[in-house]
Amino acid sequence: MKNEIDIKNFKKGWHNEEPFEDYVGPFYYLENDNNNIAAFRCEKKHLNGMGSLHGGMIMSFIDYTLFVVSLKQVKEESFVTISCSTEFLRPSINDDIIYGKGEITNETGSMLFIKGEVFNKKETISTFSGILKRIKQKNK
């Protein structure tokens, strides 16, 4: 059994605005020394027709989690997701809070390689790997 993590101390939005994430979430994060954690409260709008957490919602949350895992790097510069692989392990039914965590497995001059898991208070429901690429901001 996984430990349930209280999200009352989590923050919302590590940058100015993210309309899509606010619409499908909202998503939250907690920074700590060992491993940043992402979370969201699972609601009816996040479920599929069978009553379990929708795969598309898991994938959207994973994209957010990639950035939460890499907060130290992405707060300083701009990154985009260039690859994201998801393995669905089991359904998540009647779960209140869904969490995501991971680690940077490699960092090059322009890319971050990340792997992690999405879990509820009972078990891991999905694993993932992804690549974020540093981009140059265009002058506005």
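How many salt bridges does the count come to, if a salt bridge is a side-chain nitrogen of Lys or Arg within 4 Å of a carboxyl oxygen of Asp or Glu? The count comes to 6 salt bridges.

This is a predicted model, where local features need pLDDT of at least 70, side-chain atom pairs count only at pLDDT 80 or more, and totals for chains, interfaces and linings use all residues. Residues are numbered from 1 along each chain as its sequence is written, and side-chain values use heavy atoms, with hydrogens and water left out.

**Salt bridges**

- Lys75 pairs with Glu31, and their closest N and O atoms are 3.1 Å apart. Lys75 sits in the loop between helix 3 and strand 4, while Glu31 sits in the loop between strand 2 and strand 3, 44 residues apart. (Helices, H or I with at least four residues, and strands, E with at least two, are DSSP runs numbered from the N terminus.)
- Glu123 and Arg90 form another salt bridge, at 3.5 Å from N to O. Glu123 is in the loop between strand 6 and strand 7 and Arg90 in the loop between strand 4 and strand 5, so this pair ties together parts 33 residues apart in sequence.
- Glu103 in strand 5 and Lys115 in strand 6 are 12 residues apart, and their side chains meet in a salt bridge at 3.7 Å, N to O.
- Glu103 is partly exposed, at 41% relative accessible area, and Lys115 is partly exposed at 42%. (Buried means under 20% relative accessible area, exposed over 50%, and partly exposed in between, with a 1.4 Å probe and protein chains only.)

**Nonpolar cores**

- A nonpolar core is a set of buried Ala, Val, Leu, Ile, Met, Phe, Trp, Tyr and Cys residues joined through side-chain atoms within 4.5 Å.
- The largest core has 26 residues, of which Phe40, Leu53, Phe61, Ile98 and Leu132 touch the most other members.
- Helix 2 gives the most to this core, with 9 residues.
- A second, separate core has 7 residues, including Ile37, Ala39, Ile97 and Tyr99.

**A surface patch**

- Val80, Ile82 and Ile135 form a nonpolar patch on the surface, with about 220 Å² of accessible area together. (Patches are made of residues with over 30% relative accessible area and no salt bridge: like charges are joined within 9 Å, nonpolar side chains (Val, Leu, Ile, Met, Phe, Trp, Tyr) within 5 Å. Accessible areas come from the Shrake-Rupley method with a 1.4 Å probe, and for residues only the protein chains shown count as cover.)
- Ile135 belongs to strand 7 (residues 124–135) and counts as partly exposed because its relative accessibility is 35%.
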